[in-house]
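We will go step by step.

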Amino acid sequence: MSFIPGQPVTAVVQRIEIMKLRHGDNLILGFSIGGGIDQDPGQNPFSEDKTDKGIYVTRITPGGPAHDAGLRMGDKIMQVNGWDMTVVTHDKARKRLTKKDEDVVRLLVTRKSLEQAVKQSMGGCPQTVT
Amino acid sequence: MDNESQYSGYSYKSSHSRSSRKHRDRRDRHRSKSRDGSSRGDKSVTIQTPGEPLLDAESTRGEERDDNWGETTTVVTGTSEHSISNEDLTRVTKDLEESTPLECKRFVGPALGGCLSFFALVTPLAFLILPQVLWRDALEPCGTPCEGLYVSLAFKLLVLLISSWALFLRPPRATLPRFFVFRCLLMVLVFLFVASYWLFYGVRVLEPRERDYRGIVEYAASLVDALLFIQYLALVLLEVRHLQPAFCLKVVRSTDGASRFYNVGHLSVQRAAVWVLDRYYNDFPVYNPALLNLPKSILSKKMTGFKVYSLDESTTNNSSGQSRAMIAAAARRRDNSHNEFYYEEAEMDRRVRKRKARLVVAVEEAFTHIKRLHEEEVASSPKHPREVMDPREAAQAIFAPMARAMQKYLRTTRQQAFHSMESILTHLQFCITHNMTPKAFLERYLSPGPTMQYQQQNDRGRQWTLVSEEPVTSALRQGLVFSMRRLDFSLVVTVTPLPFLRLGEEFIDPKSHKFVMRLQSETSV
């Protein structure tokens, strides 16, 4: 993850597809998010840069759909179904994830270990998101 | 016209006794006008400067004084019994030789101004009275308008009199080296004005024996009006113009670096000097020559660090190059004198604190020995007859236990020249009379007070010399530097203008003060 003001954001991301689980009347994904442009970025325990106002995964229900799909705690969500999540308010992020007419959410998430893995294996072709 | 005298007759000596300095501040015109740089046995130097103020620039005089001054300076380093007796001796000799009367020159200016204003005040009355005296019969009588004019004339004269007394009849506190430009200007103006009125009066009224008395009264009334306006002008120029601050003066004492900043208005250099000196006596800690020097042990080690011998006389270039190289090498050599200075300072601090602690304890104990006797206690304690003392005796009684601690403390802080035993006793008596606590008694000794605290009351005045590259009647402006020199130190003044302030406005609606908590919410999806 690199964030230079004025430049396009570049990151090494992983594509995660989560099937929503029906639980009563709600469709749940099994994780919690924190962050947003209207939130206090200094309180985020997962971000490297304490001015990063992106959406982060703060909790994963063990055994839930997100956990099965490969989402991990501390991931930063960059896109949800094509919609950008790096500069959204907290409420907007929640709404994008909980649309009632979608069964599947395709996330692009990034985490530090991804970058390190790419660096180690120089032959891999990383997917970059701008 | 307003020829205020300048400082002539300037004698100082280099033993830094404060009590005998007051006798040295004499402007003595009766001595010969030769420049006398010889030093006598007690090391006092008299320098006489010529009497005309307009001839020479003060800066050259300052330089010449510098040369003589450097030769005869001695440094008072430690304390010894001998120094006290030396001061007494010099004080006695100074008493003998300075029996000149109080210098009257400082009153010439105000006297002249007083004469002029008296003349100006009497003139309207003279205008009114002269026709009545000289050709009363031929005068046309004038009724009510004249009486109205008489009343207004009387009141205006009264106002002029009172305001002149309030504003201008004050004993001068300083004599300036050159004319005080505004005051001269105003006196010339008044003189010309009154003279021209007299001229017209003589030509138009006295000669043809003017019969229209009402015209004469109106003429006198117009003179008084004009005098009132001139007084208004005087008020503005002399008193009001310099009140609004325009410059910031930085005043630094040359010997120990004590500095202050002051804001002044538009003044000439000499008036600004007087202004600064007024405040010097209140704000600056007293000049203590004994505190100036690094201990000899540190300095001498530095100076004997290396010696340069030039053996080759013919090639001077080489030798100077060699000596420079040697100086550089010596400078690079490891120099530990700062180390010694640091430890010496720490040791000195410790010693001062120790003595101070002993002094405070001794004084506190001494003060517990006496207490104030109230009226009703006199009759109520017949079985414990206590000796009733007045403040002086009480002070003497409790001085003995604290005397030694006080003396040691004063010696350690090198203040013993400023406080004699008599002065300490007087101060103790003063404190006892006014119910002061030991701490209040000690505040005078624990920190060096302003110079005003150590002045003896006398009217002889303090001798200061204004040294400046610009003429001293020029106005203050940015970058001007002048100094006031006294016997063994000088105050250097630098002038900077106050910054121009651009004040903007921002309105804040009281309802706009709103706050929110910082958000850190976590939503589960």
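This is a predicted model: local features need pLDDT of at least 70, side-chain atom pairs count only at pLDDT 80 or more; totals for chains, interfaces and linings use all residues.

Residues are numbered from 1 along each chain as its sequence is written, chains are lettered from A and ligands numbered from 1 in the order in which they are written, and side-chain values use heavy atoms, without hydrogens and water.

**Stop 1: the disulfide.** Select Cys142(B) and Cys146(B). A disulfide joins them, with 1.7 Å from S to S. The term covers a pair of cysteine sulfur atoms within 2.5 Å. Over all chains, the count is 1 disulfide. Look along the S-S bond: the link of Cys142(B) and Cys146(B) is left-handed, at -120°.

**Stop 2: cysteines and the surface.** Buried means under 20% relative accessible area, exposed over 50%, partly exposed in between (1.4 Å probe, protein chains only). Cys142(B) is partly exposed at 24%, whereas Cys146(B) is buried at 1%. Now select Cys115(B): it is exposed, at 51%. Cys248(B) is buried, at 15%.

**Stop 3: helix 5 of chain B.** Select residues 144-168. Helices (H or I, at least four residues) are DSSP runs, numbered from the N terminus. Which residues of helix 5 of chain B are buried? Among them are Cys146(B), Leu149(B), Leu153(B), Leu157(B) and Leu160(B).

**Stop 4: the neighbours.** Show helix 4 (108-134) and helix 7 (213-240) of chain B. The buried residues of helix 5 pack against both, with contact meaning heavy atoms within 4.5 Å.

Conventions. Helices (H or I, at least four residues) and strands (E, at least two) are DSSP runs, numbered from the N terminus. The expected span of a helix is 1.5 Å times one less than its number of residues.
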